[in-house]
Amino acid sequence: MFMNVAYLNNSTSTVVDNTKPLIVTSCGNYRVKNRSEVVTHRTKGRKDYQLLYIASGKGHFFIHGEEKTVSAGNIIIYLPDQPQEYVYYRADQTDVYWVHFTGNEVEEILKYYNINLQNNILYIGTSPDYQWLFGQMIQELQLCRPRYDELISLQLRNIFVLISRAIMSAKKFSSTSEKEVAFAMHYFRKNYNTEISIEEYSESRGLSNCWFIQCFKEITGSSPLQYILKLRISNAQNLLENTDYTITEIANMVGYTNSLYFSRLFHKYIGMSPKEYRKVKLKENLRE
């Protein structure tokens with residue numbers, strides 16, 4: 001069994017701290033591979049809140065005496081003092097992330113993000129973004145760098161934002177389409193500055209190109225090419241505002257070998273040329 005866990009101030013004791021609105025006290029990741037089963041049984045629950053995210057496989061949760069099989073893409077929320085009983089089996093290849101948190105505004109925060117405390121189990125979809133954020137919280141808890149407690153609180157809020165988006169979305173998509181689009185967005189964010197063929201990407205994932213483009217647009221509101229363009233222009237804006245790179249250098253850095261073509265796209269998207277944009281932002285910064 002793979003375990004990667006971390007605790008606030010390196011303390012494993014349960015913390016109930018009401019001095020701040022939201023405090024992350026521990027976070028971890030279990031991947032069940034070798035042990036036949038991993039059982040958790042807390043008849044009186046805990047004094048803090050717990051959120052679990054099933055990244056892959058499934059878990060078996062006993063709520064009000066009834067067993068519920070919870071598959072990938074679902075979260076489970078336990079309230080303080082709520083009995084906890086659940087088991088992960090090796091055959092299910094469970095990969096689960098969890099976080100414990102407390103604070104004097106937890107209920108209000110969860111309600112603000114549309115998270116119903118009366119509903120223990122909620123489907124939010126599979127996305128590498130959730131795993132990345134959990135991984136960041138674990139890392140910060142382990143390294144204990146300055147102000148890490150503030151950062152992990154913000155990272156948990158980031159997870160709440162993603163959950164809220166999933167809840168507020170009126171459209172329902174299959175878990176396959178959600179998963180493929182999420183992984184595509186992750187891939188595009190990492191490789192936006194390289195030459196990307198949507199057809200070749202679809203083929204590499206074993207998908208129909210038409211199906212992938214349609215699903216991507218339905219879920220994100222943009223076509224894959226439009227999404228990549230947004231990434232390139234957004235990063236170009238950041239480079240124009242915060243560096244002294246030339247227009248040609250910036251064009252190359254965001255994926256365009258032809259700086260004139262890049263400038264035309266930038267003007268079409270932003271409403272001014274890269275050179276004009278840099279001048280405007282420079283004047284704004286000087287006024288500040």
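Reader: Where is E180 placed in this model?

Author: In this predicted model, E180 sits in helix α4, which covers residues 175–191.

Reader: Why is E180 called buried?

Author: Buried means under 20% relative accessible area. E180 has 11%, so E180 counts as buried.

Reader: And which residues does E180 touch, leaving aside those up to four places away in sequence?

Author: Y201, R205, L207 and F212. A touch here means heavy atoms within 4.5 Å.

Reader: Let's go to the sheets. What is the strand order in the open sheet of 6 strands?

Author: The order is β1-β2-β9-β4-β7-β10, and the pairing is antiparallel.

Reader: What makes β1 and β10 edge strands?

Author: Count their partners: β1 (2–7) and β10 (121–123) each have a single partner strand, so one side of each has no neighbour in the sheet.

Reader: Which strands does helix α2 touch?

Author: Helix α2 (residues 128–143) packs on this sheet and touches β1, β2, β4 (49–56) and β9. The direction of α2 makes about 115° with that of β2.

Reader: What about the open sheet of 4 strands: which order does it have?

Author: That one goes β3-β8-β5-β6, with antiparallel pairing. At its edges stand β3 (37–42) and β6 (66–71); each has a single partner strand, so one side of each is left without a neighbour in the sheet.

Reader: Now the whole chain. How many helices and strands are there?

Author: There are 10 helices and 10 strands.

Reader: And how much of the chain is buried?

Author: Of the 288 residues, 41% are buried, going by that cut-off of under 20% again.

Reader: How many side chains are positive, and how many negative?

Author: The chain has 33 positive and 29 negative ones, and the centres of the two sets lie 3 Å apart.

Methods:
Residues numbered from 1 in each chain as written. Predicted model: local features only at pLDDT ≥ 70, side-chain atom pairs only at ≥ 80, totals over all residues. Heavy atoms only, no water. Helix = DSSP H or I, 4+ residues; strand = E, 2+ residues; numbered from the N terminus. Buried < 20%, exposed > 50% of the residue type's maximum accessible area, 1.4 Å probe, protein only. Pairing = 2+ DSSP bridges. Axes fitted to C-alpha atoms, helices over the stretch in contact; angles between N-to-C directions. Lys, Arg positive; Asp, Glu negative; His and termini not counted. Charge placed at Lys NZ, Arg CZ, Asp CG, Glu CD.
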